[in-house]
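Let's take a walk through this structure together.

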Amino acid sequence: MVGSFDPFCPCLYLDGDYVPSAGGERIPVLNPSTLETVGHRTRSTAQEIDQSVAAARRAQKEWAGLDAKSRARHLHQLADRIEKNPFHDVAKLITLEMGKPYPEAEGELANCGPIFRYFAELARHDEGHVAGSTHPHTLEYMRQYPYGVSVHIVPFNFPIILMVWTVAASLAAGNAVLIKPAEATTLSTLKFMEYFSLLPKGLVACLPGDGRVGQQLIEHGGTDVVAFTGGVETGRRVAMSCAAHMKPCVIEAGGSDPLIVSKNCDLDVAVPAAVTAAFHLSGQICVSTERFYVEDTVHDEFVRRFVAATQKLRIGDGLGKNEIGPLVSEAARTRVMELVQQAVTEGATLACGGKIPENCGKGWFYEPTLLTGVTPDMSILKEESFGPVASIIRVQDFEEALCLANDSDFGLGACVFTANLEEAMTAADRLEAGMVWINNPMPDNDALPFGGWKNSGLGRSLGKFGLDSFRQTKMVFMDYKPDVQDWWYPYADDWFYGAKGRQQN
Ligand code: NDP
């Protein structure tokens with residue numbers, strides 16, 4: 001039975017239990033709403049990393065040796081355990097350490113069980129492929145095998161579900177997993193490890209720490225494949241380290257999603273969707289909409305309604321009745337404020353927001369902010385703000401909206417509001433993004449690939465692509481009626497250059 005988790009006792013999760021940190025680092029975790037200390041975290045040492053890798057390699061051999069049906073049974077039991085629990089402790093810790101409104105933290109956790117079930121069955125469904133043969137009496141096929149030990153580097157915004165997306169796939173494929181949580185969400189991630197105590201010891205470990213721990217895990221000789229979710233620049237560094245060690249990786253990086261508002265849409269639907277897409281989780285979602293391209297004929301009405309709906313949002317502590325919580329850190333808020341200031345200096349207009357709200361105490365809050373008069377050259381459109389800021393760009397027609405939406409180095413998601421079928425289909429085809437939403441932004445589907453084009457990522461999570469990210473192929477060619485082949489040594493004399501009947505210049 002796993003020991004109980006104490007957020008004030010800095011620890012890691014190793015060999016199926018919580019282990020006090022040997023390094024002795026004790027870093028206070030602050031609640032971004034109140035700046036009160038809600039626990040302590042630590043940084044895993046090199047020795048603890050070695051120990052976790054060794055335990056993972058041991059456990060993985062047995063795990064991979066199980067038949068697919070037995071592995072699936074373990075993962076269903078894990079899902080049962082997750083679904084039986086009300087999540088209150090983990091959800092509350094998410095809210096306390098990163099500020100997410102509590103209902104969203106519970107919602108995140110409620111989606112975890114089905115992912116384990118999905119990958120458990122997907123891995124059972126198919127372990128390879130038999131090809132049409134190229135020779136008589138042969139069986140020519142491909143089988144898929146686990147890599148060994150996978151590393152999972154996780155961001156703070158959806159600390160549990162994004163971890164589960166790749167961890168469930170990797171376990172189902174037969175790997176052991178080592179998790180490096182975001183520093184900001186170390187406590188909730190560690191608390192969630194209790195569920196994994198059902199699995200064989202050593203198969204799952206959680207190693208808290210900063211980017212250095214992430215790098216040590218990537219570079220470690222005992223790890224084989226890496227799943228990273230986070231910002232573009234960190235993703236680039238992770239991909240380069242993986243390349244240097246010839247390790248495959250999935251990079252789920254950031255975005256600056258566009259949303260097109262066609263003159264043919266229903267504003268009664270488009271406006272509340274737009275407000276949610278821009279400000280959900282204070283804009284700290286990889287697929288938050290940051291750029292709104294609005295057709296001229298509906299622009300003013302759209303802005304008027306957008307401002308009115310935004311001003312009704314309640315800002316405050318995630319444990320209270322509020323839609324908008326704080327930003328994760330002071331640095332994140334400062335960055336957002338600087339981007340907004342820069343946009344105003346470049347000529348944008350503040351339609352609402354743009355300040356630290358009054359009456360919210362000393363937490364890292366920022367008002368949901370709407371900028372109008374934004375033009376394609378402005379710097380705010382070139383970066384991911386990852387905050388509660390929406391930029392509105394007025395366009396003459398749908399074609400201009402499509403072109404400007406694609407004029408970005410990011411390519412994660414994109415959204416369109418229209419009731420016109422031709423516009424919907426054209427946008428679905430032409431938008432340069434890994435996910436396109438028509439009239440309903442942001443949902444994902446366990447059975448469909450999630451990931452970005454352009455700088456927004458490499459590889460995919462979820463769906464069959466998500467499983468295949470954690471298994472490697474082997475081509476097998478079996479001749480069940482062996483015979484000497486005519487192309488084997490020695491070559492026949494009449495095969496050589498100049499032999500009778502062969503070309504000779
Ligand atoms: P970061 O890129 O700052 O960090 C992500 C993870 O990488 C953290 O665990 C971080 O640790 C770790 N890390 C930092 N430096 C290194 C390094 N050199 N080597 C290895 N690991 C490192 O992202 P955030 O946590 O701030 O998350 C926000 C970003 O994530 C946004 O850009 C967002 O768009 C993106 N994202 C993308 C998603 C997608 O599916 N495409 C989904 C969700 C978010 P530490 O916490 O210690 O810094």
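## A guided walk through the fold

Leaving out residues up to four places away in sequence, Ser 33 touches Asp 317, Gly 318, Pro 326, Cys 360, Gly 363 and Phe 365. You'll find Ser 33 in the loop between strand S3 (27-30) and strand S4 (37-41). Is Ser 33 buried or exposed? Ser 33 has a relative accessible area of 6%, so it counts as buried. Keep in mind as you look around that this is a predicted model.

Now zoom out to the domains. The chain splits into domain 1 (11-253 + 456-473) and domain 2 (258-438). Their C-alpha centres, domain 1 to domain 2, lie 31 Å apart. How do the two meet? On one side, 21 residues of domain 1 are in contact with 23 residues of domain 2. As for size, an interface is often described by the accessible area that is lost when the parts come together. Between domain 1 and domain 2, the buried area is about 1,900 Å², and carbon and sulfur atoms give 67% of that.

Next, the inside. The largest nonpolar core has 123 residues, and the ones touching the most other members are Phe 116, Leu 171, Phe 192, Phe 196, Phe 292, Phe 302 and Phe 306. Which helix gives this core its largest share? That's helix H6 (residues 161-173), with 11 residues. The core also draws on both domains, taking at least three residues from each of domain 1 (11-253 + 456-473) and domain 2 (258-438).

On to the strands. In general, the strands of a sheet pair through backbone hydrogen bonds, and they can run parallel or antiparallel. Strand S13 (residues 289-295) runs parallel to S16 and is joined to it by 5 bridges, with Val 294 standing opposite Arg 394 in S16. Strand S15 (residues 369-372) also runs parallel to S16, through 3 bridges, and here Leu 370 has Ala 390 as its bridge partner in S16. Why is S16 described as largely enclosed by the rest of the structure? Because 6 of the 7 residues of S16 are buried.

For the antiparallel kind, look at an open sheet of 3 strands in the order S5-S6-S22. Strand S5 (128-130) and strand S22 (471-479) are the edge strands, each pairing on one side only. From one strand to the next, the twist averages 15°. Strand S6 (residues 138-146) is joined to S22 by 9 bridges, and Leu 139 stands opposite Met 478 in S22.

His 137 sits in the loop between S5 and S6, and it has a positive phi of about 35° although it is not a glycine. Its relative accessible area is 25%, so His 137 is partly exposed. Lys 454, in strand S20 (residues 453-454), has a positive phi too, of about 50°, and is not a glycine either. Lys 454 is partly exposed, at 35% relative accessibility. In the segment after S22 comes Pro 490, and the peptide bond from Tyr 489 to Pro 490 is cis, with omega near -5°.

Two last stops show opposite surroundings. Pro 208, in the loop between strand S9 (204-206) and helix H8 (211-219), has 0% relative accessibility and so counts as buried. Beyond its neighbours within four places in sequence, its contacts include Cys 11, Thr 42, Pro 181 and Leu 190. Thr 185 is 23 residues from Pro 208 in sequence, and their C-alpha atoms are 9.5 Å apart. Gln 311, by contrast, belongs to helix H11 (residues 296-311) and is exposed, with a relative accessible area of 57%.

Key: Residues are numbered from 1 along each chain as its sequence is written. This is a predicted model: local features need pLDDT of at least 70, side-chain atom pairs count only at pLDDT 80 or more; totals for chains, interfaces and linings use all residues. Side-chain values use heavy atoms; hydrogens and water are left out. Two strands pair if DSSP finds at least two bridges between them. Helices (H or I, at least four residues) and strands (E, at least two) are DSSP runs, numbered from the N terminus. Axes are lines fitted to C-alpha atoms, for helices over the stretch in contact, and angles run from 0 to 180 degrees between N-to-C directions. A nonpolar core is a set of buried Ala, Val, Leu, Ile, Met, Phe, Trp, Tyr and Cys residues joined through side-chain atoms within 4.5 Å. Buried means under 20% relative accessible area, exposed over 50%, partly exposed in between (1.4 Å probe, protein chains only). Domain bounds come from an automatic or database domain assignment. Contact means heavy atoms within 4.5 Å. Buried area is the accessible area (1.4 Å probe) that two parts lose on being put together, summed over both.
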